[in-house]
Amino acid sequence: EANFSQNFPLSDSITAELRPYQMQGYQWLCTLDQIGFGACLADDMGLGKTIQVISLLAYQKELNKGVTLVIVPRSLLFNWIAEIEKFCPSLKYFLHHGPKRGSQIRDIESHDIILTTYDTATVDIQYLKDIKFNYIVLDESQAIKNPNSKRYKAMRVLQSRNKIVMTGTPIENNTFDLYAQFSFINPGIFGGQSHFKDRFSTPIDKDGDPNAAIQLKKIIHPFLLRRTKELVAKDLPERSESIIYCDMGPKQRK
């Protein structure tokens, strides 16, 4: 379990009070930023990965580090907008998405965050690859787990000073899922695909080799932060329920 003293101040522009494990996550992200390594934030769903990353981006804004590109599944676009507006309204975001988006982003330097989807970024890669971002953040990063996909190849040609992937499920199907995500945040960490398969994913998944698993864990450990709900239960508030009633439309009612 990571243990960081709180060396990095939280920006005054953050309107939320971070829970202790979220503050620890923020410190971890800042520490990796300082030493120039990418991060995989893999907390369970619902533990607030977004607020931890927004806190980092607010700190980056105070340091005048430049524009961040945040790439998400389409279903999460408006979740990100809601969280930015709620937790750090001073972060200026630009939504680059939809048929009317145009081929260029105007006044890119006047924004802190460019928000787009995996599909849009892949389609617009010829334009986006020439921009040097401060950070690139991939949410639900298991979306790039296939290193032979167009999507992964597009993400790899994007340029940034540093990178973060966020996922509640870093391993969806097998150990090989880690390869693309970690070679995105820290290129070269595993060598080539075939080396990773021979050294780690095949021995671990097919043979249950404990030594290969221990070795892999040691390599990824500094760059992976994963907390489960059980681990942080003491920091979580009491469950609150809100009941929302929705009227059915005529077709549904029928």
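This is a predicted model: local features need pLDDT of at least 70, side-chain atom pairs count only at pLDDT 80 or more; totals for chains, interfaces and linings use all residues.
Mentor: Strand 2 and strand 5 (residues 132–139) run parallel and are joined by three bridges.

Trainee: Which residue of strand 5 is the bridge partner of Leu-69?

Mentor: That's Ile-136.

Trainee: And how many bridges join strand 2 to strand 4?

Mentor: Five, and those two strands run parallel as well. Look at Leu-69 again: in strand 4, Ile-114 stands opposite this residue.

Trainee: Is strand 2 mostly covered or mostly open?

Mentor: Mostly covered, with five of its five residues buried. Take the faces one by one: Thr-68, Val-70 and Val-72 are on one side, Leu-69 and Ile-71 are on the other, and all are buried. Both faces of the strand are covered, then.

Trainee: Let's move on to helices. What describes two packed helices?

Mentor: You give the angle between their axes and the distance between the axes. Now try helix 8 (residues 193–207) and helix 9 (residues 210–220): their axes come within 9 Å and cross at roughly 120°.

Trainee: What do I call that orientation of helix 8 and helix 9?

Mentor: Oblique. Angles of 65 to 115 degrees count as roughly perpendicular and those over 145 as roughly antiparallel, and the crossing here is at roughly 120°, so helix 8 and helix 9 are oblique to each other. As for handedness, helix 8 passes helix 9 in a left-handed crossing.

Trainee: Which residues make the contact?

Mentor: From helix 8 you have Phe-196, Arg-199, Phe-200, Pro-203 and Ile-204, while helix 9 brings in Ala-212, Ala-213, Gln-215, Leu-216 and Ile-219. By type, the residues of this contact are eight nonpolar, one polar and one charged.

Trainee: Is Asn-64 buried or exposed?

Mentor: Exposed: the relative accessible area of Asn-64 is 69%, and the cut-off for calling a residue exposed is over 50%.

Trainee: Where is Asp-107 found?

Mentor: In the loop between strand 3 (93–95) and strand 4 (113–117). Asp-107 is another residue other than glycine with a positive phi, near 50°. Asp-107 is exposed too, with a relative accessible area of 59%.

Terms used
Residues are numbered from 1 along each chain as its sequence is written. Side-chain values use heavy atoms; hydrogens and water are left out. Axes are lines fitted to C-alpha atoms, for helices over the stretch in contact, and angles run from 0 to 180 degrees between N-to-C directions. Helices (H or I, at least four residues) and strands (E, at least two) are DSSP runs, numbered from the N terminus. Angles under 35 degrees count as roughly parallel, over 145 as roughly antiparallel, 65 to 115 as roughly perpendicular and the rest as oblique. A crossing is left-handed if the near helix is turned anticlockwise from the far one by less than a right angle, and right-handed if clockwise. Contact means heavy atoms within 4.5 Å. Ala, Val, Leu, Ile, Met, Phe, Trp, Tyr, Cys and Pro count as nonpolar, Asp, Glu, Lys and Arg as charged, and the others, Gly among them, as polar. Buried means under 20% relative accessible area, exposed over 50%, partly exposed in between (1.4 Å probe, protein chains only). Two strands pair if DSSP finds at least two bridges between them.
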